[in-house]
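Biologist: Could we go through the aromatic residues of this structure together? I am new to it.
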Amino acid sequence: ADRILPEVSVNMAEYTVRQLEERDIKVRLKTRVDSMVDGHIELSDGSAFEADTVVWTAGVRANPLLESSDLPIDDKTALDVPVQIVGDAYIAVRGTTHVVLINDALPRLTSSRLLVSDYPERLTADGVLFTATIDSTRSQRFLYYHYNPPAEPPRRILVKATNASTGPAILHVLAGIAGPGANEMEVGHNATKSFLVHLRRNEGTVITIPPGSTVNIVNHDLPPNATVNGILQLREISGDPLDIAVVAQRADAPLDQSADAANLLSGGAPHARGVYPVPEFFSEFTYVVGAPAPLEIPIGQLPLPNLRVGEALAGDYGVLQAVRVVIVNDSRFGQAIALYANPRGGDATGTFIIDNTLVQAHRLPAFSRYKIWQETIAPGTYRTLQITTMPEGGSSYPLRLVFAPDDGSVILARTRGIFG
């Protein structure tokens with residue numbers, strides 16, 4: 001074949017070849033194996049070589065969710081979408097715009113670091129809040145969280161991507177965005193929930209950034225007395241490095257207004273702003289039914305060092321926590337076991353993907369114990385549970401996940417099976 005990975009887009013296949021070649025892995029297209037005997041390999045292009053190890057691989061299958069969608073994988077369709085533009089003292093304009101939808105099947109990639117813009121959290125001026133550079137060598141997660149006080153003018157938060165090169169750049173953006181809202185815990189909860197669901201489904205948007213241009217990949221209204229929160233996974237598929245900037249500006253300012261990226265805004269109580277080296281934690285535990293003490297798993301307890309000058313990341317906000325727990329019942333009787341959320345820093349909300357079920361916990365008082373899962377474990381068996389969560393903006397983490405005997409309370413969390 002003239003390309004690898006036929007189940008993904010051409011851009012993604014070319015990107016994968018580049019990554020392999022940078023790791024000294026040779027990729028031979030339009031070439032087949034004619035002979036493979038006792039470690040002697042002969043190819044259809046006439047070349048031959050010796051190999052100590054030979055790995056024969058079959059094809060891969062796309063996510064079943066994509067296969068069941070109305071738009072086939074790597075296909076596109078066109079729609080005419082009705083549009084209405086209205087405004088005070090203006091004549092309403094109605095029409096249609098032509099939209100092309102493309103369903104790109106991109107592979108899942110984990111993030112290599114976490115970028116955070118949470119300082120100044122309380123905005124009292126306009127300007128640049130955060131800058132960074134991203135490239136095609138790694139995927140990065142980015143979190144912003146900002147509040148506009150009641151006496152301040154209406155603002156917006158822009159996340160700008162600048163392509164200074166002479167060729168186009170293609171950026172994959174997977175996002176969970178919430179607000180503006182007066183309830184900061186609700187905003188943080190909704191942003192985290194949206195991000196975790198999109199991440200689990202690998203749903204995002206592919207944006208082409210023309211050469212020598214700047215594109216606003218986020219345009220987030222921020223009126224007075226409101227909070228906004230965004231969590232994004234950014235992966236450049238192709239092109240030269242991109243400059244990312246987070247800008248606070250008045251709502252009536254031009255969207256393309258320039259900003260001084262050399263001088264970042266500051267002031268107010270110290271909060272996290274910087275680059276953090278651990279965007280994801282993976283852990284595994286075993287809980288034996290009948291153990292003298294419950295199993296307690298800390299979430300958001302380990303402060304992360306800042307790779308730039310600035311605050312450490314307390315609470316692990318924006319850090320994915322993936323936990324695998326094996327529950328073992330070696331007794332002769334079935335045992336009812338429950339999982340509880342136990343906030344330890346202050347009031348907190350929570351979003352948990354437990355196996356294939358989305359579980360949402362409302363505002364939990366500090367040091368309360370709130371049941372989010374329960375099951376009876378049959379005698380002489382074990383049960384493996386997969387839990388994915390993330391500390392939520394506006395809440396006071398750390399939080400503990402506690403496995404213990406079922407206390408008979410009712411699950412009040414909202415649950416929804418969404419992943420098939």
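Biologist: Is Trp373 buried or exposed?
Modeller: This is a predicted model. In it, Trp373 has a relative accessibility of 10%, so this residue counts as buried; the limit for that class is under 20%.

Biologist: And Phe403, buried or exposed?
Modeller: Phe403 counts as buried because its relative accessibility is 0%.

Biologist: How are the rings of Trp373 and Phe403 arranged?
Modeller: Their centres lie 6.4 Å apart and their planes meet at 65 degrees, so the pair is edge-to-face. Planes over 60 degrees apart fall in that class.

Biologist: Where in the chain do these two residues sit?
Modeller: Trp373 belongs to strand β22, residues 370-377, and Phe403 to strand β24, residues 399-405. The pair links distant parts of the chain, as the two residues are 30 apart.

Biologist: How many aromatic pairs are there in the whole structure?
Modeller: The search finds 5 aromatic pairs. One of them joins Phe142 and Tyr144, with ring centres 6.1 Å apart and planes at 40 degrees, so this pair is tilted.

Biologist: Which residues form a cluster through ring pairs?
Modeller: Phe130, Phe142 and Tyr144 are linked in that way.

Biologist: Are Phe142 and Tyr144 buried or exposed?
Modeller: Phe142 has 1% relative accessibility and therefore counts as buried. Tyr144, at 0%, also counts as buried.

Biologist: A change of topic: what lies over the face of Tyr340?
Modeller: Arg369 does, at 4.1 Å from the ring centre.

Note on methods: Residues numbered from 1 in each chain as written. Predicted model: local features only at pLDDT ≥ 70, side-chain atom pairs only at ≥ 80, totals over all residues. Heavy atoms only, no water. Phe/Tyr/Trp six-rings, centres within 6.5 Å; stacked < 30°, edge-to-face > 60°. Buried < 20%, exposed > 50% of the residue type's maximum accessible area, 1.4 Å probe, protein only. Helix = DSSP H or I, 4+ residues; strand = E, 2+ residues; numbered from the N terminus. Lys NZ or Arg CZ within 6 Å of the ring centre and 35° of its normal.
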